[in-house]
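Dear colleague,

I am passing on the structure we spoke about. Please look it over first; my notes on what was found follow below.

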Amino acid sequence: MNESLARIVFEENLSSQWKLDPIVIAMTVLYSLIFLTGVIGNVSTCIVIARNRHMHTATNYYLFSLAISDLLLLISGLPPEMYHMWAR
């Protein structure tokens, strides 16, 4: 008798754990788009500035630094945020 009750409780907890929240899914898609466009855009900016000699100006070095900073923030901040959102 106790085994069947334990099995029912276990199955209810398992099924409720895997229910997908539409808001979490929408935020995951949005965060993924932000991550992909941010990484592609910032890496492209760094490549263009690094490869073209005429782009080596003080202003472009500043933009290069901002692109690296933004890249580091994206890589270190967005995946943990998505993990915490799904862990709830």
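Asn60 is in contact with Ile49 and Met55, leaving aside its neighbours within four places in sequence. This is a predicted model, so please read these contacts and everything below as computed from it. Asn60 itself sits in helix α3. Is Asn60 buried or exposed? With a relative accessible area of 14%, Asn60 counts as buried, because the cut-off for that word is under 20%.

Next, the annotated spans. The unreviewed UniProt entry places the feature "transmembrane region" at residues 23–49 and 61–78.

Which residues make up the largest one? It has 5 residues, namely Val24, Tyr31, Leu78, Met82 and Met85. Two elements, α2 (22–51) and α3 (58–87), each give two or more residues to this core. The most come from α3, which supplies 3 residues.

Not counting residues up to four places away in sequence, Tyr31 touches Leu78, Glu81, Met82 and Met85. Of these contacts, Leu78, Met82 and Met85 are also listed in the core, as is Tyr31.

Regards

Conventions. Residues numbered from 1 in each chain as written. Predicted model: local features only at pLDDT ≥ 70, side-chain atom pairs only at ≥ 80, totals over all residues. Heavy atoms only, no water. UniProt positions renumbered as here; feature names shortened; annotations may be inferred. Core = buried A, V, L, I, M, F, W, Y, C linked by side-chain atoms within 4.5 Å. Buried < 20%, exposed > 50% of the residue type's maximum accessible area, 1.4 Å probe, protein only. Helix = DSSP H or I, 4+ residues; strand = E, 2+ residues; numbered from the N terminus. Contact = heavy atoms within 4.5 Å.
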